[in-house]
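Me: I'd like a close look at one part of this model. Could you pick a spot, walk me through its surroundings, and then step back to the whole chain?

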Amino acid sequence: MANPSIIGNDPGKSARPFVFINTAMSADGKIATIERRQTRISGSLDFDRMDELRTSSDAIMVGIGTLISDNPSLTVKSKERKEKRRTRGLSENPPRIVVDSMARTPASSDIFLKGEGKRIIAVSKSAPAEKVKNLSKFADIICLGEKSVDLEKLLFELKKRGINRLMVEGGATLNWELISNGLVDEIYTFVGNIIIGGKTAPTLVDGEGYTCDFSSLAIISCERLEDGVLLKWKVNSKL
Ligand code: NAP
């Protein structure tokens, strides 16, 4: 589905933020094992590159599947970068956003326990009121969509809140919904030198998949990084 809300790739002119996905996958395209367990795919240089991307983003988003599997803190790790953000009048960490229709985010999640900065939980109207109330003690709540979070409306809302550059850190289902709805501008993929295998192991993009009319990409850059390759893609508009 094409997204009529995008006017070019300029974050200033679009009704939604500039959205990019950052991911690390194995040589066979898997982003985790069949147990959906996070595994080390890239090395320290790629981690540092990811830290810089986090630092320069206005917000970082993950799906609830990733939050439950990996319990990521999504914080900026380098002291210098945190300091750089503070001197710009920003919090050490960009706002951290979870897409979580049913308000399942555990209160004990590292995104709440680690680091300063705003947290946002995007829920749907089907989320149990009690769970939403409880999460509102730790995070701002945005409620959009009937059964699952309406991602297009969510992006518009984030833009209204001053988020111009949004980094998405997975997982496979959220990536599919964003890409297949024309809501992604660029994808960074680190391809590591391991094979994970497994028919049910998550890949960069899962979801229903296309049978035709595939999303097409244009290569922006390709460079060797440690024992893998970093690919940067532009997602072509279907307009
Ligand atoms: P996910 O994409 O992180 O989250 C998907 C969930 O988000 C959905 O099941 C849905 O759950 C919720 N959601 C709410 N509204 C949605 C919408 N409109 N569209 C899509 N999702 C929506 O989960 P996943 O596919 O299971 O991926 C998790 C796996 O990816 C883990 O194994 C993790 O380790 C891996 N991962 C790897 C990397 C990497 O770079 N290697 C990065 C991130 C994650 P509800 O209906 O309950 O809300």
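Reply: Let's start with Asp-51, which sits in helix H1. Keep in mind that this is a predicted model. Asp-51 has a relative accessible area of 5%, so it counts as buried, the cut-off being under 20%. Setting aside residues up to four places away in sequence, Asp-51 touches Thr-75, Val-76, Lys-77, Ser-78 and Arg-81. Ser-69 is another matter: it is 18 residues from Asp-51 along the chain, and the two C-alpha atoms are separated by 20 Å.

Now slide along to Thr-55, also in helix H1, which covers residues 44–55. Thr-55 is buried too, because its relative accessibility is 2%. Again leaving out residues up to four places away, Thr-55 touches Val-76, Arg-81, Arg-85 and Arg-88. Val-76 and Arg-81 therefore turn up in the contact lists of both Asp-51 and Thr-55.

The largest nonpolar core has 25 residues, and Met-61, Leu-154, Leu-158 and Leu-166 touch the most other members. Among the elements that give it two or more residues are strand E1 (18–25), strand E2 (59–63), helix H6 (151–160), strand E6 (165–168) and helix H7 (172–180). The largest share comes from H6, with four residues. Take Met-61: beyond its neighbours within four places in sequence, it is in contact with Ile-97, Val-99, Leu-154, Leu-155, Leu-158, Leu-166, Met-167, Val-168, Glu-169, Gly-170 and Leu-174. There is also a second, separate core of 21 residues, which includes Phe-18, Ile-121, Val-123 and Val-132.

Stepping back, the protein chain has seven helices and nine strands. Along the principal axes, the C-alpha atoms fill a box of roughly 45 × 45 × 40 Å. Of the 239 residues, 47% count as buried. As for contacts with a separation of 6 or more, 68% are between residues 24 or more positions apart.

The protein chain exposes about 11800 Å², with carbon and sulfur atoms supplying 54% of that. It carries 36 positive and 31 negative side chains, and the centres of the two sets lie 3 Å apart.

Methods: Residues numbered from 1 in each chain as written. Predicted model: local features only at pLDDT ≥ 70, side-chain atom pairs only at ≥ 80, totals over all residues. Heavy atoms only, no water. Buried < 20%, exposed > 50% of the residue type's maximum accessible area, 1.4 Å probe, protein only. Contact = heavy atoms within 4.5 Å. Areas by Shrake-Rupley, 256 points an atom, 1.4 Å probe, with all protein chains shown as cover. Lys, Arg positive; Asp, Glu negative; His and termini not counted. Charge placed at Lys NZ, Arg CZ, Asp CG, Glu CD. Core = buried A, V, L, I, M, F, W, Y, C linked by side-chain atoms within 4.5 Å.
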